[in-house]
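Subject: Structure handover

Hi,

Here is the structure for your files. My notes follow below it.

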Amino acid sequence: DVEDNTKTTNYNFNSGVKYTTKASLLNLELEPKRFIYSIENNQLIQNNKFDNTDHKNVIGDNIVMLKAIYGVDDDDDGNVDSWTKTKPTDLKKLIGVKIALIARSNLRERANGGACVITTNKDFTWSGGTMDISDLPDWKCYRYRMLQTTVPLRNILFQVRTS
């Protein structure tokens, strides 16, 4: 038996799909997840905070910086119209995220003549701006690599309930 739910619910606003009141929702996961990514002790951490408790997983070591910008659909046509550093308050308009991170080698290079000069450029340019590593201790003594990607959010399930 299926319990009758009389509340109106809308899903996937940005998908272009209009669901009817007879639509079915299939749960393809064992439990919902809300991932928050952060850097702690030079490790990229994935934290599932869905139930407001910490479920931390280490994703990568020697990660020193993480940045993101948000792709916003301002006119509801399904395309990114603007990129912003501020998370949109209307998540129905969020349709993509650009992410960049900087990884550092785990080997501190030897100094030549008392000063490290392995890395001389403190700025890493990506599509969201510039990432400055000069606040890192001994930043000139390590080698770095910047990685970036764009993640479309077309398969994200948004749920808004109205009574």
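Which residue in β3 is the bridge partner of Ile36? It is Asn47. β2 and β3 (residues 43-48) pair in the antiparallel sense over 6 bridges. Pairing requires at least two DSSP bridges between two strands.

A word on the source. This is a predicted model: local features need pLDDT of at least 70, side-chain atom pairs count only at pLDDT 80 or more, and totals for chains, interfaces and linings use all residues. Residues are numbered from 1 along each chain as its sequence is written, and side-chain values use heavy atoms, without hydrogens and water.

Three strands form an open sheet in the order β2-β3-β4, with antiparallel pairing. β2 (35-40) and β4 (56-61) stand at the edges with a single partner strand each, so one side of each has no neighbour in the sheet.

The core. The largest nonpolar core has 15 residues. Such a core is a set of buried Ala, Val, Leu, Ile, Met, Phe, Trp, Tyr and Cys residues joined through side-chain atoms within 4.5 Å. Ile102, Met131, Ile133 and Tyr144 have the most contacts inside this core. β5 (63-72), β7 (94-104) and β8 (123-126) each supply at least two of its residues. β5 gives the most, with 3 residues.

Best wishes

Conventions: Buried means under 20% relative accessible area, exposed over 50%, partly exposed in between (1.4 Å probe, protein chains only). Helices (H or I, at least four residues) and strands (E, at least two) are DSSP runs, numbered from the N terminus.
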